Amino acid sequence: MTVALKWINANMMKHPWGWGVGTAVIKTSVADLIAQMAIEKRETVDVRRNVVFSLFGFFYLGGFQYHLYNNLFTRWFPGIGTRVVLTKLAVDQCVQYVLAICCSPPAPFFVPPSPLIVFSF
């Protein structure tokens, strides 16, 4: 492993929340840029929309989910093994995911309508 990779790994171990949030923001922003440029074939980037997606990546994916999976789930389901992993998976898919879909406001309230949206609210 090179010196740079060792430094990055040590830094990630020292600041896991910051790296998790940073990764989530970059991933969410790049995914939206790909959607805008490659799928929607836009000539210019909708910066407002990209900022909204980046904020979603920061607060929900980076902040809340980091806390949920790394703090709350380890407290609620201590230990290791197949049973613990399957329990976490079941709670994630059957409870957390359903609550995230049902309780979050739909994106059209924050982002201008896209020609790809088949339905509207």
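This report walks through the helices, a helix pair, the salt bridges and a surface patch of a predicted model.

## About the model

Because this is a predicted model, local features need pLDDT of at least 70 and side-chain atom pairs count only at pLDDT 80 or more, while totals for chains, interfaces and linings use all residues. Residues are numbered from 1 along each chain as its sequence is written, and side-chain values use heavy atoms, with hydrogens and water left out.

## The overall fold

Let's start with the big picture. The protein has four helices and zero strands, and its elements run α-α-α-α from the N terminus on. Helices (H or I, at least four residues) and strands (E, at least two) are DSSP runs, numbered from the N terminus.

Of the 121 residues in the protein, 21% are buried. Here buried means under 20% relative accessible area, exposed means over 50%, and partly exposed lies in between (1.4 Å probe, protein chains only).

## How α2 and α3 meet

Two packed helices are described by the angle between their axes and the distance between the axes. For α2 and α3, the axes come within 8 Å and cross at roughly 145 degrees. Axes are lines fitted to C-alpha atoms, for helices over the stretch in contact, and angles run from 0 to 180 degrees between N-to-C directions.

The crossing of α2 and α3 is right-handed; a crossing is right-handed if the near helix is turned clockwise from the far one by less than a right angle, and left-handed if anticlockwise. The contact of α2 with α3 has 12 nonpolar, nine polar and three charged residues. Ala, Val, Leu, Ile, Met, Phe, Trp, Tyr, Cys and Pro count as nonpolar, Asp, Glu, Lys and Arg as charged, and the others, Gly among them, as polar.

## A network of salt bridges

The structure holds four salt bridges, each defined as a side-chain nitrogen of Lys or Arg within 4 Å of a carboxyl oxygen of Asp or Glu. One of them joins the side chains of R49 and D32 (2.8 Å, N to O). R49 lies in helix α3 and D32 in helix α2, so this pair ties together parts that are 17 residues apart in sequence. R49 is buried, at 7% relative accessible area, and D32 is buried too, at 3%.

R42 takes part in salt bridges with E40 (2.6 Å, N to O) and with D46, where the closest N and O atoms are 3.7 Å apart. With a relative accessibility of 24%, R42 counts as partly exposed. A network of salt bridges links D32, E40, R42, D46 and R49.

## The loop residue K41

K41 sits in the loop between α2 and α3 and is exposed, at 64% relative accessibility. Most residues other than glycine have a negative phi. In K41, however, phi is positive, near 60 degrees.

## A nonpolar surface patch

On the surface, W17, M37, V45, V47, V51, L55, F58 and F59 form a nonpolar patch with about 730 Å² of accessible area together. The elements giving two or more residues to this patch are α2 (16–39) and α3 (47–76), and α3 provides the largest share, five residues. M37 belongs to helix α2 and is partly exposed, at 37% relative accessibility.

Patches are made of residues with over 30% relative accessible area and no salt bridge: like charges are joined within 9 Å, and nonpolar side chains (Val, Leu, Ile, Met, Phe, Trp, Tyr) within 5 Å. Accessible areas come from the Shrake-Rupley method with a 1.4 Å probe; for residues, only the protein chains shown count as cover.
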